[in-house]
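New notebook page. I wanted to look up a few spots in this structure and jot down what turned up.

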Amino acid sequence: MLRPVSHHLQELLHHHGALRPGHTVFRSGGHSDGWIEKGSVMRHPRVLEEVARWQAAQVREAFPAVTLLVGAPACGAVLATLVARELDVPVAYVLTDGDLRWHRMHEPEAGYGVVYIDDLICTGEGSRLVVDFLRTQGQEVLGVSAWVSRAALPVPLVTLLPASFETYVAAICPLCREGEAVQHVDVRE
Ligand SMILES: [Zn+2]
């Protein structure tokens, strides 16, 4: 019997040392009891390819009408291309430094059924901006696919794994209240 993908990803993240438990303060201001260092996976194309395959299977099932995948440079674009290869659909990149815009590699016409591909969603702010951009471009946003998300989004969201760590608002962080020393600071997940 096939095991759920979540077990595979959890094991893979653990195996590659990507899980970083401990009192964490994000650059965005939130607190957590740990974080995921995605570079541990991203830097190994063969490993990333395997994760992309799992992600493609989930996208195919959740969003069968998909005709275009979108990713944001750098890691998100590489990932979107690997997932798109599995699904045999085209890919486009949205540049998110400054005003959002298409990368000139592909400025798609309106009317695609788009899934935005991401790795880790922390606050969800970046994903929401991309979804808004896609809609202004006349694209039908079917949903978002990510490995793990700490945030809810205003569109359907599928993930490979439930959130591995808790997320706290800084002012009411239970670890701070218990006087636990911060182990990871200025983290961008
Ligand atoms: Zn705290």
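**Ile121 and its surroundings**

I started with Ile121, which touches Ser127, Ala146, Ser149, Arg150 and Ala151 once residues up to four places away in sequence are left out. Contact here requires C-beta atoms, placed from the backbone, within 7 Å of each other. Before going on, I noted that this is a predicted model: local features need pLDDT of at least 70, side-chain atom pairs count only at pLDDT 80 or more, and totals for chains, interfaces and linings use all residues. Numbering runs from 1 along each chain as its sequence is written.

Ile121 sits in strand β7, residues 120-121. Helices (H or I, at least four residues) and strands (E, at least two) are DSSP runs, numbered from the N terminus. Buried or exposed? Ile121 is buried, because 23 other C-beta atoms lie within 10 Å. The cut-offs I used: buried means 20 or more other C-beta atoms within 10 Å of a residue's own, exposed means 12 or fewer, and partly exposed is in between, with C-beta atoms placed from the backbone. I also checked Ile121 against Glu49: they are 72 residues apart along the chain, and their C-alpha atoms are separated by 19 Å.

**Gly143**

Next I looked up Gly143, in strand β8 (residues 140-146). Gly143 has 18 C-beta neighbours inside 10 Å, so it counts as partly exposed. Leaving aside neighbours within four places in sequence, I found Gly143 in contact with Ala62, Phe63, Val115, Val155, Pro156, Leu157 and Val158. From Gly143 to Ser127 it is 16 residues in sequence and 10 Å in space, C-alpha to C-alpha.

**Helix α4**

Then I turned to α4, residues 75-87: its 13 residues reach 19 Å from first C-alpha to last, close to the 18 Å expected at 1.5 Å a residue. That expected span is 1.5 Å times one less than the number of residues. In α4 I listed Gly76, Ala77, Leu79, Ala80, Leu82, Val83 and Ala84 as buried. What covers them? The cover includes α3 (45-62), β3 (68-71), β4 (91-95) and β6 (113-117). After α4 comes Asp88, with a positive phi near 55°.

**α3 against α4**

Last, the helix pair. α3 and α4 pack at about 60°, their axes 8 Å apart; axes are lines fitted to C-alpha atoms, for helices over the stretch in contact, and angles run from 0 to 180 degrees between N-to-C directions. On the α3 side, the residues that meet α4 include Leu48, Ala52 and Val59, and on the α4 side Leu79, Leu82 and Val83 are among them.

Notes. Two residues are in contact if their C-beta atoms, placed from the backbone, lie within 7 Å.
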